[in-house]
Amino acid sequence: MFLSREEAFGLLSQFGSPLYVYSEDILRARCRELCCAFSGRIRPSFSIKANSNAALLRIIREEGIGADAVSCGEIFILEYAGFDSSEIFFIPNNASEEELRFAVGRNILVSADSLSQLETLGRIKKGARVSLRINPGIGAGHCDKVVTAGHATKFGIEPALCTEAKKIIKAFGLKLEGVNQHIGSLFLEPGPYVEAAEALLSIVLEHFPGLCFVDFGGGFGVPYKKSEHRLDFAALRDGLFPLMDSFAARYDNKGISFKCEPGRYIAAECGLLLGSVNAVKECFGRRYVGTDLGFNVLMRPVLYDSWHEVQLIKKEDDGCASAPLADITGNICESGDIIAAERPVGNAQIGDIIAVENAGAYGYSMASNYNSRLRPAEVLKTSGGEFRLIRAADTLQSLTASF
Ligand code: LLP
């Protein structure tokens with residue numbers, strides 16, 4: 001944890017509870033690690049659905065990383081954070097014509113996720129630059145909901161439709177700049193990513209000469225459980241580089257570049273979610289630690305059964321070495337509102353803090369106002385050790401502002 005006990009209590013009293021806190025040092029370290037991971041041969045582009053706080057995006061851009069957007073809102077935020085259209089790649093799914101026009105009008109490269117989206121792009125602008133999202137038939141991910149390639153997913157264009165795609169490209173004079181794929185989110189073994197990259201490269205060789213780039217997608221996992229191992233980038237390199245070498249030897253454009261689209265790997269580990277213990281109780285023999293960490297604040301445990309390590313930060317040290325197990329619950333009116341079950345925090349008391357680790361990706365970005373609760377503030381711990389408010393918490397007024 002990158003916060004001391006004193007800092008954690010100080011932050012909650014200054015900025016309110018709950019609170020997202022990010023470490024600039026860890027964010028920069030992850031960016032640098034990814035930029036080096038593939039020796040510059042596969043360049044990362046940050047998938048901002050994982051975290052779209054403008055202050056973090058500015059840091060990521062400073063580290064020389066571009067960005068992928070999935071909505072006009074994300075494009076708008078990226079522009080606000082200083083990204084140029086040439087640094088943004090729009091990878092929407094089932095976008096409206098209006099949304100596609102928004103990106104094309106800004107000269108942002110758009111990925112077509114289906115033949116019908118490709119046609120819409122052609123109708124919007126003859127000769128537009130496009131990319132095709134291919135579904136290589138191989139998927140991976142921490143649960144079915146986030147596996148985004150394979151035979152049972154709404155994403156991408158199947159290889160058998162590439163000939164049809166080429167006809168549409170020709171009919172509208174579109175300029176196919178690249179192909180992209182994303183097999184799913186959170187894998188810790190390199191196998192499926194490498195296999196899918198191989199499939200994509202052979203599709204490119206067969207169908208698409210003259211491309212500027214191939215984008216293998218994101219999905220690089222982080223160890224949410226202490227017992228899990230880190231993703232082995234050397235193994236990924238060992239799998240990918242020979243494929244890229246043999247591809248390059250046979251491909252017409254020797255200057256083709258390679259990209260990847262990590263979201264979680266860049267943002268997860270720099271984020272900590274702090275919440276307060278508001279109540280403790282036992283009910284029919286089960287112990288509960290009741291906090292303000294409802295699933296409106298962090299949805300992952302409820303939505304995907306995801307595991308996050310948690311730490312109890314005691315207001316007063318009780319010298320308790322091993323505490324009984326308890327469920328850490330939130331304040332939302334659903335019994336599924338459990339952020340972490342059966343953890344050794346049964347000695348928690350009102351006023352203590354629960355710190356949830358690896359909350360930087362798909363934490364705030366999936367937060368909501370369910371139960372008309374206020375989304376928390378976000379604070380950055382800068383490399384100089386200062387704490388800077390980078391997003392204010394919602395207010396009661398913001399709840400009624402759009403009526
Ligand atoms: N590219 C595309 C087209 C994507 O759809 C995604 C994530 C990424 C890249 C980045 O994937 P990452 O490197 O972050 O795994 N809310 C879920 C994850 C959903 C991911 C959606 N797409 C979670 O909290 O686990």
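Trainee: Which residues does G82 touch, not counting residues up to four places away in sequence?

Mentor: G82 touches R61 and E87. Keep in mind that this is a predicted model. You'll find G82 in the loop between α4 (72-80) and β4 (88-90).

Trainee: Why is G82 called partly exposed?

Mentor: Buried means under 20% relative accessible area and exposed means over 50%. G82 has 36%, so it counts as partly exposed. For a sense of distance, the C-alpha atoms of G82 and A323 are separated by 48 Å, and the two residues are 241 residues apart along the chain.

Trainee: On to the helices. How do you know that the length of α2 agrees with what a helix should span?

Mentor: Take 1.5 Å times one less than the number of residues. For the 14 residues of α2 (residues 24-37) that should give 20 Å, and the end C-alpha atoms are 20 Å apart, so the two agree.

Trainee: Which residues of α2 are buried, and what do they pack against?

Mentor: E24, L27, R28, R30, C31, L34 and A37 are buried. The partners of the buried α2 residues include β1 (19-23), β2 (42-47) and α3 (54-62). Just after α2, S39 takes a positive phi of about 50°.

Trainee: And which residues of α1 are buried?

Mentor: In α1 (residues 5-15), these are A8, L11, L12 and F15.

Trainee: Now the rings. How many aromatic pairs does the structure hold?

Mentor: There are 14 aromatic pairs. One of them is Y20 with Y22, at 6.3 Å centre to centre and 5° between the planes.

Trainee: What makes Y20 and Y22 buried?

Mentor: The cut-off for buried is under 20%. Y20 has 0% relative accessibility, so it counts as buried. Y22 also has a relative accessible area of 0%, and therefore is buried too.

Trainee: Why is the pair of F247 and F258 called edge-to-face?

Mentor: Planes over 60 degrees apart count as edge-to-face. The F247 and F258 planes are at 75°, with the ring centres 6.0 Å apart, so this pair is edge-to-face. The pair links distant parts of the chain, with F247 in helix α9 and F258 in strand β9 (residues 257-260), 11 residues apart. Both F247 and F258 are buried.

Trainee: How do you know that R106 sits over the ring of F102?

Mentor: The charge has to be within 6 Å of the ring centre and within 35 degrees of the ring normal. The charged end of R106 is 3.8 Å from the centre of the F102 ring and sits over it. Likewise, K225 lies over the face of W307, at 4.9 Å from the ring centre.

Trainee: Last one: where are the domains?

Mentor: The chain is divided into domain 1 (5-20 + 269-393) and domain 2 (91-262). Their C-alpha centres lie 36 Å apart, and the contact takes 11 residues from domain 1 and 12 residues from domain 2.

Notes: Residues are numbered from 1 along each chain as its sequence is written. This is a predicted model: local features need pLDDT of at least 70, side-chain atom pairs count only at pLDDT 80 or more; totals for chains, interfaces and linings use all residues. Side-chain values use heavy atoms; hydrogens and water are left out. Helices (H or I, at least four residues) and strands (E, at least two) are DSSP runs, numbered from the N terminus. Buried means under 20% relative accessible area, exposed over 50%, partly exposed in between (1.4 Å probe, protein chains only). Contact means heavy atoms within 4.5 Å. Rings of Phe, Tyr and Trp (its six-membered ring) pair if their centres lie within 6.5 Å; planes under 30 degrees apart count as stacked, over 60 as edge-to-face and the rest as tilted. Domain bounds come from an automatic or database domain assignment.
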